Amino acid sequence: MPKPLKILFLASEADPFVKVGGLGDVAGSLPYALRGLPSENLDVRLVLPFHSTIRAEGLTLTRETVFTLRRDNADVPAQVFRADIKGLPAYLISGAPVTGSLKVYDPNPNADGEKYTFFSMAALEMVRRLDWRPDIVHANDWHTAAAIYQIRRQQDDPFWAGVKTVFSVHNLGYMGAEAQNALRAYGLPPIAEPFYPEWACHQPLPQALWAADEIVAVSPSYAQEIQTPEYGYGLETFLQTRRATVTGIVNGIDYTLWDPFTDNDLESKFSADDLTGRAANKAAIQAQFGLNLYPQAPLLAMVTRMDYQKGVDIALGALRRITDLPWTAILLGTGNAELEAQARALEADFPNRIASVIRFDAKLSRRIYGSADMLLMPSRYEPCGLAQMIGMRYGAIPIARATGGLRDTIADGRTGFLFADSSPNVMAATLRRAIETYGHAAKWQTMQQTAMFEDFSWEKSAFQYADLYHQLVK
Ligand code: NHF
């Protein structure tokens, strides 16, 4: 049995406390998955900001400690509450920078810079007050990056000396530029790193990349990609110098939450052994959204944040190029106003073929996974991607760009269809290939079943993280 380890896991969001995006799924699953590996002996504890959107009802809260943090010449009070859920110790940190912000990701960037710098520093002070010295601090994305940098700076302090750090990169595109002033105010100087452009020395994510003992990208391909100019945002040269400490561990999905056999949001439940329920689900969606031109045609779907990263424009362009083929499509998501308008315009041009549903709708997303024949993911970059794994679990075959986690989780021609270029033409050609295969019912069903039998459970990835932790403290 390996030595017991204490892991402090920091994130801006975690399901079921609060979830805005994929990071919330990961931080809501991985700590549980790690605690659920008895052979690994990991005491994982989660720390979150006590966002104003976290509802206290339903939580059993105990007040753990209060203290102040020094910010320039003033003291900022912090309060820590504990709210364990299903056996996972979870700490919620409150204070004016957190309660003063109405959203997890505030539209005012300075408010976010303040909130997350305060949170990162308070998380470290909290464990000192509680006298719970972690062996590993595992932070995620720019929001909690300052904690990693601060630990590195405090290696002379007996409490932090020898504490190891892991930094997970879920999206290199967000570096936390807005936190510069707050970092300075809380006493964190810029780093001097010759392989960085000047701006990067002042920002939390690059600081954590510099300071962390181990950098984890959320898929092996993304770990390679961030070391290239195309995906490295100017940090690639530095990341190449750290290549020995950059690994990729693909995310999982929670198989208890994502199971077409038990999903109560589906009109008809189904499993890999009996897919018949999918037809009724598809008929229901097509009827609800007036997609009645070709009842037997494949239903193409996109469930996404409407963002250029996700290639929404590429998908819309590709659909316009294949209108000679029989298909219907549903697009669900919100975000960038320009992309929303483009999606609406496509619906206006082909009203009985395409439904653009511009909203966030968790129930509809499940119904789409349980009915669509193909799930479109033409992402310009995709650190891991969760929708393709959910789609495969529900028998919706992904048509995706071969990048990051999409490339690592989809097998072209076996569990999905992959294409290389971010171009509507190339995507259109791939859709033609997929629609052609769809015409061979037996072949298509084999693909669906193969996809549904893939193992994307968290356990596999959790073992890889556990190994990494144990290696680090050796
Ligand atoms: O799956 C969680 C998510 C990823 O690819 C996704 C992304 C943000 O862009 O790791 O983080």
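Two strands are taken to pair if DSSP finds at least two bridges between them. Helices (H or I, at least four residues) and strands (E, at least two) are DSSP runs, numbered from the N terminus. The model is a predicted one, in which local features need pLDDT of at least 70, side-chain atom pairs count only at pLDDT 80 or more, and totals for chains, interfaces and linings use all residues. Residues are numbered from 1 along each chain as its sequence is written, and side-chain values use heavy atoms, with hydrogens and water left out.

**Domains**

The chain is assigned domain 1 (5-252 + 459-473) and domain 2 (277-455); such bounds come from an automatic or database domain assignment. The centres of the two domains, taken over C-alpha atoms, are separated by 33 Å.

**The mixed sheet**

Nine strands make an open sheet with mixed pairing, in the order S3-S4-S5-S2-S1-S6-S7-S8-S9. At its edges stand strand S3 (62-71) and strand S9 (246-248), each of which pairs on one side only. Neighbouring strands of this sheet are turned by 25° against each other on average, direction ignored. Axes are lines fitted to C-alpha atoms, for helices over the stretch in contact, and angles run from 0 to 180 degrees between N-to-C directions.

Strand S1 and strand S2 (residues 42-49) run parallel and are joined by 6 bridges. Leucine 10 stands opposite valine 47 in S2. Helix H1 lies across S1, S2 and S6, at about 155° to S2; contact here means heavy atoms within 4.5 Å. Helix H17 (residues 458-473) also packs on the sheet, where the strands touched include S1, S2 and S9, and its direction makes about 145° with that of S7.

**The parallel sheet**

A further open sheet has 6 strands with parallel pairing, in the order S12-S11-S10-S13-S14-S15. Strand S12 (354-357) and strand S15 (417-419) each have a single partner strand, so one side of each is left without a neighbour in the sheet. The twist averages 15° from one strand to the next. Strand S13 (residues 374-377) pairs with strand S14 (residues 397-401) in the parallel sense over 4 bridges, and methionine 377 has alanine 400 in S14 as its bridge partner. Helix H15 (residues 424-438) packs on this sheet, touching strand S10 (299-303), S13, S14 and S15, and its direction makes about 165° with that of S15.

**The contact between the domains**

The size of an interface is often given as the accessible area lost when the parts come together. Here, buried area is the accessible area (1.4 Å probe) that two parts lose on being put together, summed over both. A salt bridge is a side-chain nitrogen of Lys or Arg within 4 Å of a carboxyl oxygen of Asp or Glu. A polar contact is a pair of N or O atoms within 3.5 Å; within protein, one must be able to donate a hydrogen and the other to accept it, and residues adjacent in sequence count only if both atoms are side-chain atoms.

| Between domain 1 and domain 2 | Value |
|---|---|
| Buried area | about 1200 Å² |
| Salt bridges | 0 salt bridges |
| Polar contacts (both at pLDDT 80 or more) | 11 residue pairs |

The elements giving two or more residues to the side of domain 1 that touches domain 2 are helix H1 (22-35) and helix H7 (220-225). H7 gives the most to that side, with 4 residues.

**Backbone features**

Aspartate 15 and proline 16 are joined by a cis peptide bond, with omega about 5°. Proline 16 is found in the loop between strand S1 (5-10) and H1.
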